[in-house]
Amino acid sequence: MTTINTTFHVEPSVDCEFRDWIKSRYIPYAVESAGLHSPLFMRIMTPMEGGTGYAVQLQATDNNKVTSWLDIAQPVKLKEMATKWGEKVMFFTTLMEGIEL
């Protein structure tokens, strides 16, 4: 299983609206369009200059779902985000794999 982690830096002027958008648009779209599951939405507690950090983690059961999200579905939502807030919300995405303990 792969965890898709997208970290966001959000300026204070759009923080509330951004959180609502993540919960009502971004996460439901990820689950419905790409078959991702077990979403987490977290605030990053480490202070960040000029805003707040958030992370969205989504689980994918296979590489086809990861590729579909990264290449097709996520760009739709990131374009929507850029149109709404421009550089007031920045992001990066990383893929993670669990390691057995």
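Visitor: How many aromatic pairs does a search of the whole structure find?

Guide: Rings of Phe, Tyr and Trp (its six-membered ring) pair if their centres lie within 6.5 Å; planes under 30 degrees apart count as stacked, over 60 as edge-to-face and the rest as tilted. Here the search of the whole structure gives 10 aromatic pairs. Keep in mind that this is a predicted model, where local features need pLDDT of at least 70 and side-chain atom pairs count only at pLDDT 80 or more, while totals for chains, interfaces and linings use all residues. Residues are numbered from 1 along each chain as its sequence is written, and side-chain values use heavy atoms, with hydrogens and water left out.

Visitor: How far apart are the ring centres of Phe18 and Trp85?

Guide: They are 5.9 Å apart, and with the planes at 65° the pair is edge-to-face. Helices (H or I, at least four residues) and strands (E, at least two) are DSSP runs, numbered from the N terminus. Phe18 belongs to helix α1 and Trp85 to helix α2, so this pair ties together parts 67 residues apart in sequence.

Visitor: Are Phe18 and Trp85 buried or exposed?

Guide: Buried means under 20% relative accessible area, exposed over 50%, and partly exposed in between (1.4 Å probe, protein chains only). Phe18 is buried at 0%, and Trp85 is buried at 6%. Tyr26 and Trp69 form another edge-to-face pair, 5.5 Å centre to centre with 85° between the planes. Tyr26 lies in helix α1 and Trp69 in helix α2, so here the linked parts are 43 residues apart in sequence. Tyr26 is buried, at 0% relative accessibility, and Trp69 is buried, also with a value of 0%.

Visitor: Which residues do ring pairs link into a cluster?

Guide: The cluster holds Phe8, Phe18, Trp21, Tyr26, Tyr29, Phe41, Tyr54, Trp69 and Trp85. As for charges, one sits over a ring if NZ of Lys or CZ of Arg is within 6 Å of the ring centre and within 35 degrees of the ring normal. Lys77 lies over the face of Tyr29, 4.8 Å from the ring centre.

Visitor: Which residues touch the most other members of the largest nonpolar core?

Guide: A nonpolar core is a set of buried Ala, Val, Leu, Ile, Met, Phe, Trp, Tyr and Cys residues joined through side-chain atoms within 4.5 Å. The largest one has 23 residues, and Phe8, Phe18, Tyr26 and Trp69 touch the most other members. Two or more residues come from each of β1 (2–10), α1 (15–34), β3 (51–60) and α2 (63–85). The largest share, 7 residues, is from α1.

Visitor: Where is the kink in α1 centred?

Guide: The bend at a residue is the angle between axes fitted to the seven residues ending there and the seven starting there. In α1 there is a kink of about 45°, centred on Ile22. Ile22 is one of the buried residues of α1.

Visitor: What joins the side chains of Asn5 and Thr7?

Guide: A polar contact is a pair of N or O atoms within 3.5 Å; within protein, one must be able to donate a hydrogen and the other to accept it, and residues adjacent in sequence count only if both atoms are side-chain atoms. The side chains of Asn5 and Thr7 are joined by one of 3.0 Å. Asn5 sits in strand β1 and is buried, at 7% relative accessibility.
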